[in-house]
Amino acid sequence: MMNEGDTSAGGQPHDALFRLIFTDPGDAGSELRSVLPPKLADHINFDDLALQEGTFIDDDLRHQQTDVLFKTTIDELDAYLYVLIEHQRSPDPLMAFRMLRYQVRIWERHRDQHPAESGKPPLPLIVPVVVYQGRRRWTAPTDIADLLHIDESFSSVAGNLIPHCAYLLDDLTTVDDAALRARPLTTAARITFVFLTKAPDDPDATHWLPNWTDHIIELDNRRLEALFQYLVRVSPTPVEDIVHYAVTVGTEAVEAAMNTADVLIAQGRAEGRAERQDEARAEGRAGLFIEQLTLKFGEIDADTRRRVECANAEQISRWSARLLAGVDTIDQVFVEQT
């Protein structure tokens, strides 16, 4: 199982981003509140969600699905909230069957960890939720009963012999921006859904990023980096365009975007210049720093531009720190401390 917050190139990008955000009880709780029926949600203790270790997904499906499990109480009785995100482009017709298998695994582990007490039912309630971020609307059954190959006439007489095990579905393909903004989600949860649904294969993410600047500006550096790194891994949007957008947001966004650029360069995937990693890093930072100087002081002269373009990454980082700290003149940016 991937470590929480792992956004390295070796992991599945959807998995990394989803686990970073939705292993947080506050962010996960906001999603559950938004999708569960209100009368059910009223019985659940969302203030005491405890993240459980491990994954219950079949090994061969871990590149397509990600899950998180929280333990809590429902009317003061032990219960679990199980959230699975489906990354495939189209619905999984056997999802109801898979969710039943995953719940059985949760119950088995619960039995191992909590031997049954006399006079009490041995199994806790599990509330299962599937979040779907594909391209086509979800059409697969949400109850195991709908997968059974039986005649309708037999179903009417079989009664309780027909097993039912359903899951709640959050089909993000049916949720537009206005509906997403209306949900009682945390900022991090909402913007994560935006990236998960809009970023994959989008050649120009900068056409929708400005619509969500009000959310992006509220995020800490760790989450900003995770979102930007996810974006460049699933979208052909040039990292330079992301950096230019970040300049309009603020200093934390700029740093997160530049760190994303550095990660790409270090991986040798930035425009095929793996053999020139240090030079490429300096070129990228030089272009951004010139933009920052221009925003602060207006058009800069040719000598200053040449000085920045000839500097190494360490010098540009030092000058950027001074600029972000606040200076009155451009000369104060470049003065060397003694």
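Reader: What should I know before I start?

Author: The model is predicted, so local features need pLDDT of at least 70 and side-chain atom pairs count only at pLDDT 80 or more, while totals for chains, interfaces and linings use all residues. Residues are numbered from 1 along each chain as its sequence is written, and side-chain values use heavy atoms, with hydrogens and water left out.

Reader: How many salt bridges does a search of the whole structure find?

Author: Start with the idea. A salt bridge is a side-chain nitrogen of Lys or Arg within 4 Å of a carboxyl oxygen of Asp or Glu. The search finds 12 here.

Reader: Which residue forms a salt bridge with R223?

Author: D27 does, and the closest N and O atoms are 2.9 Å apart. R223 lies in helix α9 (residues 221-234) and D27 in helix α2 (residues 25-35), so the pair ties together parts 196 residues apart in sequence. Helices here are DSSP runs of H or I, at least four residues, numbered from the N terminus. D24, D27 and R223 are linked in a network of salt bridges.

Reader: Are R223 and D27 buried or exposed?

Author: Learn the cut-offs. Buried means under 20% relative accessible area, exposed over 50%, and partly exposed in between (1.4 Å probe, protein chains only). Both R223 and D27 are buried. D92 and R98 also meet in a salt bridge, at 2.6 Å from N to O. Both D92 and R98 are buried.

Reader: Which residue pairs with D214 in a salt bridge?

Author: R181, with the closest N and O atoms 2.9 Å apart. D214 is partly exposed, with a relative accessible area of 37%. R181 is partly exposed too, at 35%.

Reader: At what angle do the axes of α7 and α9 cross?

Author: Axes are lines fitted to C-alpha atoms, for helices over the stretch in contact, and angles run from 0 to 180 degrees between N-to-C directions. The axes of α7 (residues 187-198) and α9 come within 10 Å and cross at roughly 10°. Angles under 35 degrees count as roughly parallel, so α7 is roughly parallel to α9.

Reader: Which residues make the contact?

Author: Contact means heavy atoms within 4.5 Å. On α7 they are A188, I191, T192, F195 and L196; on α9 they are R223, L227, Y230 and L231.

Reader: How many residues of α7 are buried?

Author: Nine of its 12. Among them are A189, R190, F193 and V194.

Note on methods:
Helices (H or I, at least four residues) and strands (E, at least two) are DSSP runs, numbered from the N terminus. Angles under 35 degrees count as roughly parallel, over 145 as roughly antiparallel, 65 to 115 as roughly perpendicular and the rest as oblique.
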